Amino acid sequence: MPVEVRLHDDVRLHVEATGPADAEVTAVLLHGWTLDGRSWHRQLTALRAAFGSVRVVSYDARGHGRSSCMTLPTATLAQLGDDLAAVLDAVVPAGRVVLVGHSMGGMTIMEYAHRHPGHFARRVAGLVFVSTTAEGHTHTVYGLSPRIARIIRLAETTGAGMLARCGAWRPPRALLRALRPSLRWMLFGDRCDPTDIRLVTSAVAHASLRSIGGFRASIGTQHRLETLAALAHLPAAALVGDRDRLTPPPCAESIAAALPATELTVCAGAGHMLMMERPEEVNTALSGVLRQVLDAAPARPVAGTHTAARRAHG
């Protein structure tokens, strides 16, 4: 059921919520940069089928999808962390929460934990990180040599600054069609279903130029490994594709090192869009965390002592 959450600065967030309103556990899915809540469609279907007692919430971040645009100074991960706290208060006022974040969505979770530690501790019972990082662009070399990666990053950041000043305009669809091969190379691994690249292109077409350009700076500079280390008691999972050009395996490995109870899954041949490329692996990891949370007494944190690593072959 669609819900609109109006934030303190009058930004309106488009929120989708299904399942019982009084659920003991709610899964909140946060999408990546330039995408929207539709990127989780395979997880939404699987969760509804397997966990009828769990509420599932997804929403479009400010400046993305069906949510409204914002002023440029609020195009930051810090603001997204504040937005997540506001969404939880408005849509999930009670019960335990499992946060699931892809790329920028995972970074939003870390920023929420950093900026609202008390709120986070009271609400969050489990974490799933999909193709994300706690170290900004430290490990991002686009699958290329470091020298070429530096040139690309310079061009990318310069272009992002220009786009950020373009306001609420959306990317021209004709341009996005021309760029589709580049999006496919950047975001996907060995295989790509044509419907998936069309969905990604559609999502980018609905993101404002201000959000496409504006969030780039804070995404590149965020460092939250210390924040993660304080969350080691939570059941968690981290997934990454070994062909991910944006958040390669070292990003997920550092998250798993900071969260010793994390189950780390490396998906062979997959790129950045694991929810689409490897939905079964993502669904399995999410289901595993949800079962741990459902089986635990509400007042007792779930602890672990070892990182379990496995390689998923596609």
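These exercises walk through a predicted model, each with a worked solution.

Residues are numbered from 1 along each chain as its sequence is written, and side-chain values use heavy atoms, with hydrogens and water left out. In this predicted model local features need pLDDT of at least 70, side-chain atom pairs count only at pLDDT 80 or more, and totals for chains, interfaces and linings use all residues.

**Exercise 1. Describe the chain as a whole.**

Step 1. Take the secondary structure: the chain has 13 helices and nine strands. These are DSSP runs numbered from the N terminus (helices: H or I, at least four residues; strands: E, at least two).

Step 2. Take the radius of gyration. For the chain it is 18 Å, close to the 20 Å that the globule rule gives for 314 residues, so the chain is as compact as a globular protein of that length. The radius is taken over C-alpha atoms, and the rule is 2.2 Å times the number of residues to the power 0.38.

Step 3. Take the burial. Of the 314 residues, 56% count as buried (under 20% relative accessible area, with a 1.4 Å probe and protein chains only).

**Exercise 2. Examine helix α7.**

Step 1. Find its buried residues, which include Asp196, Ile197 and Leu199.

Step 2. Find the partners. The buried residues of α7 pack against α1 (41-50), α6 (173-187), α8 (209-214) and α12 (274-277).

**Exercise 3. Describe the lining of the largest pocket.**

Step 1. Name the central residues. Of the 42 lining residues, the closest to the centre of the largest pocket are Trp33, Thr34, Glu156, Leu183 and Ile212. Lining residues have an atom within 4 Å of a pocket point; a pocket is an open set of points on a 1 Å grid over the protein atoms alone, where a 1.4 Å probe fits, with protein on both sides within 12 Å along at least five of seven lines.

Step 2. Find the main supplier: α6 gives the most to this lining, with eight residues.

Terms used
Buried means under 20% relative accessible area, exposed over 50%, partly exposed in between (1.4 Å probe, protein chains only). Contact means heavy atoms within 4.5 Å.
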